[in-house]
Amino acid sequence: MLPMSPRSFVNNLKERGINRCYWVLDISSGSVTCSHPDELAGAGSIFVKEDRDYNGHEGVFLQLGKRTNTLLGAFIWRSNRGQACGGIRLWDYDCMEEYLRDGLRLAQGMGLKSALAGLWSGGGKGVIQMPDGGKEKDPSFRTDMFHDYGEFLSSLNGCYVAAEDVGLNVNDLDDVHTFTRYTTCISESKGGSGNPSTATGKGVICAMEGALDYLDMGTLAGKSIAIQGAGNVATVIVEGLLQRNVGRILVTDCNQDRIDAMRVKFSQNLDKLILEKVDVGDNSILSAPCDVLSPCALGNILNPTTIPGIKAKIVCGAANNQLGCPADSQLLSDHGIVYVVDFLANRMGIVNCANETYGRLTNDSAIERHFGRDWENSVFCMTKATLEKADKDGITTHEAANQIADKLSLKLHPVWPRRGQEIISSLVKEQWHLQSI
């Protein structure tokens, strides 16, 4: 099953008459139960303690979309701290192993991110396999696909609350919201917080400032920054850096439209801003001479191939899962590079939408304190605390952030402790996987 393409996996499920399936952790025994142990036995090797990506995830739920037959997934990690929260990712995976591993990694990352941010949320991630033939570009199909996901979310009874991630926009979340209440990041016209890019970008800048301050390198003024990716978050980062009078910014992206849009937006600042279109897979910007390298595209780009060429003193960006593997954090340290972990720097997207149901305020103090320097959980202060712990304990910044976040992630929600686990148990008891869609 794991080597199967998602398309073949979907066809296999349809042939067997399976529309839903799951892998769920038995809290008491520590073992994982599968909804279809015979038909899905091939995936069992992932859901064991020794696996590199599985870490006691409480549930993985898959469903075929009723309208589109698209593969829909929800991944849940440590909901003891609160409902699992995290974005929905629309991506093209070559095989089911990639699909499942990405969901597992991202869900845990969201849990650690929320814990570091002081949110009462667990780790969650939605994953949608990109449909064949560019169907996601067809407005009607796209709407149906996110209506499917909304119904899928509702069927999970709130153990996972969705947000926005790669491949989605606010309109897509509105379509999800049409069929469920369990989503955030919906448009402001519907009472949501809208696009989280602004908050995410501001948080990354705060993390850069925290690292510079800890290293006694002064402020961002006059510094050179290299940014991989020219999307929404990178655009916010560029705007904030220009306001702080940086010396030079180099931005690369494989999408010409994004480069052109940034060139138009910052047409008055092209003396400081260098924009380059590169080929897909071109990571040459990682070796650009600069003070701060900011990966803001896709993950898995800090590895033994790229790290030796990095000339920046600090790596701090918005991309998720930047390390090829955890050991690459040590390699960065060995090369004298300070790495600000991704789930610390890019946390503000989930913070921005975490408390939508509690109402909205202009200049909301619950949001703004994350950008300040007084609250111990602010991005700036937590960055410095993580770097200090790494130096004091002689460990990598990745290990330090994980130790801090791991401890925080085990705390129980003050009102609804383990409610997510109870919901998952009820789904199993009520035979969720056999219910019609």
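The tour visits a nonpolar core and then some salt bridges.

Before you start, note that this is a predicted model, where local features need pLDDT of at least 70, side-chain atom pairs count only at pLDDT 80 or more, and totals for chains, interfaces and linings use all residues. Residues are numbered from 1 along each chain as its sequence is written, and side-chain values use heavy atoms, with hydrogens and water left out.

**Stop 1: the core.** Select Trp23, Phe61, Leu100, Ile227 and Leu241, the residues with the most contacts inside the largest nonpolar core, which has 133 residues. Such a core is a set of buried Ala, Val, Leu, Ile, Met, Phe, Trp, Tyr and Cys residues joined through side-chain atoms within 4.5 Å. Buried means under 20% relative accessible area, exposed over 50%, and partly exposed in between (1.4 Å probe, protein chains only).

**Stop 2: helix α2.** Now select residues 96-116, helix α2, which gives the most to this core, with nine residues. Helices (H or I, at least four residues) and strands (E, at least two) are DSSP runs, numbered from the N terminus.

**Stop 3: salt bridges.** Here a salt bridge is a side-chain nitrogen of Lys or Arg within 4 Å of a carboxyl oxygen of Asp or Glu. Pick Asp102 and Arg89, whose closest N and O atoms are 3.7 Å apart. Asp102 lies in helix α2 and Arg89 in strand β5, so the pair ties together parts 13 residues apart in sequence. Both are buried.

Next, show Arg101 and Glu97, bridged at 2.9 Å, N to O. Arg101 counts as buried at 8%, while Glu97 is partly exposed at 28%.
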